[in-house]
Amino acid sequence: MSVLVAVTAVLMGLAPGDRPHVLVVVGAAGTPEYGAAFQKWADRWGAAAQKGGSEFMCIGREPEAKESDRDKLQALLARLPRAGAAPLWVVLIGHGTDDGREARFNLRGPDVTARELADWLGPVKRPVAVVNCTSASGSFVTHLSGPDRVVVTATRSGSESNYARFGEHIANAIGDPTADLDKDGQVSLLEAFLTASDRVREFYRSEGRLATEHALLDDNGDKLGSAADWFQGVRAVKRAKDGAPVDGTRAHQWHLIPSVRERALPAEVRKRRDELELALAGLRDQKGRIGEDEYYARVEKLMVELARLYATASPVPVPKP
């Protein structure tokens with residue numbers, strides 16, 4: 001374990017060995033130009049992971065060996081800790097395909113399907129984020145969505161099969177202070193998703209081209225996902241027709257590079273803070289379906305507990321309601 005990782009684990013109240021892991025998988029490039037781009041994206045994820053004190057691993061950049069990249073990925077996921085409070089980030093960089101039956105991430109050698117990756121992650125009970133930066137990646141949401149998981153895909157469906165630029169922009173945004181939309185000193189996975197989506201839209205607009213990719217984020221386990229245009233700032237302002245819970249709150253609690261204030265919070269305070277924020281988000285979804293007096297009484301109860309929680313964790317300031 002590096003000194004930086006060890007210090008970060010201590011500061012964030014994590015047990016030895018219970019530390020964030022960032023696993024980047026670089027797929028088959030196809031051309032030297034794509035290969036060079038994918039290497040840059042992987043480097044940016046690696047730099048952000050190191051700065052944040054996470055353990056960084058990468059598959060697909062070393063010379064090809066007898067063991068395929070698919071087998072390496074399966075074996076590594078089996079070896080990593082399956083339980084604990086520290087998150088596991090899995091970032092897929094490259095190309096993808098979807099024939100209507102199976103969505104695949106293209107690797108050197110045998111590909112990996114969305115179903116297979118879902119099976120390999122099935123035993124993992126720690127928080128998991130999967131960021132699939134490939135074309136035709138939308139179906140990964142359906143297979144990987146679940147409790148305490150964040151799934152990001154570069155496209156909304158398997159039919160968006162052209163080269164996806166989203167991967168470049170989220171790799172840039174995850175460590176970019178200008179992507180800190182709520183100005184709390186850190187970039188959440190939600191903020192990186194929103195920033196990258198905005199930069200993708202701007203690319204197609206400035207080029208006068210029809211957008212061929214529309215990224216999705218799912219963090220409520222409903223297997224649907226939400227697009228960036230559902231959000232105003234960091235809060236979802238649209239609702240699904242079937243009344244499904246909105247996405248975004250859990251992803252906004254994920255920070256690859258935590259701020260000094262975030263690292264100073266004791267682990268038990270951070271855990272309870274996250275639970276209260278999720279409860280508030282769920283309560284907001286019920287507004288209009290419960291009485292006004294009851295709604296505000298429940299909001300007040302949660303906000304009072306949040307304020308007391310931050311007060312006990314001084315000198316971290318109490319957030320504004």
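**Close-up 1. Strand β7 is largely enclosed in this predicted model.** Let's start with β7, where five of the five residues are buried, so the rest of the structure largely encloses this strand. Which residues point each way? Val 128, Val 130 and Asn 132 face one way, while Ala 129 and Val 131 face the other, and all are buried.

**Close-up 2. Strand β3 runs parallel to β7.** Here β3 (residues 88–93) and β7 (residues 128–132) are joined by five bridges in the parallel sense. To find your way along the pair, look for Trp 89, whose bridge partner in β7 is Ala 129, and then for Val 90, which is partnered by Val 130. Strand β3 is mostly covered too, with six of its six residues buried. Leu 88, Val 90 and Leu 92 lie on one side of β3, and Trp 89, Val 91 and Ile 93 lie on the other.

**Close-up 3. Strand β1 also pairs with β3.** Six bridges link β1 (residues 21–26) to β3, again in the parallel sense. A handy landmark is Leu 23, which stands opposite Val 90 in β3.

**Close-up 4. A right-handed β-α-β unit is made by β7, α5 and β8.** Helix α5 spans residues 139–144 in this unit. Strands β7 and β8 (residues 149–153) pair in the parallel sense over five bridges.

**Close-up 5. Strands β4, β5 and β6 form an open antiparallel sheet.** The three strands are arranged in the order β4-β5-β6. The edges are β4 (96–98) and β6 (112–113), each pairing on one side only. Three bridges join β4 to β5 (residues 103–105), and Asp 98 stands opposite Ala 103 in β5.

**Close-up 6. Helix α9 has 20 residues, several of them buried.** From its first C-alpha to its last, α9 (residues 267–286) reaches 29 Å, close to the 28 Å expected at 1.5 Å a residue. Its buried residues include Val 269, Arg 273, Leu 276, Leu 280 and Leu 283. Among the elements covering the buried residues of α9 are α8 (260–264) and α10 (292–312). After α9 comes Gly 288, with a positive phi near 100°.

Technical notes
Residues numbered from 1 in each chain as written. Predicted model: local features only at pLDDT ≥ 70, side-chain atom pairs only at ≥ 80, totals over all residues. Heavy atoms only, no water. Buried < 20%, exposed > 50% of the residue type's maximum accessible area, 1.4 Å probe, protein only. Helix = DSSP H or I, 4+ residues; strand = E, 2+ residues; numbered from the N terminus. Pairing = 2+ DSSP bridges. Expected span 1.5 Å × (residues − 1). Contact = heavy atoms within 4.5 Å. Right-handed = clockwise from strand over helix to strand, strands pointing away.
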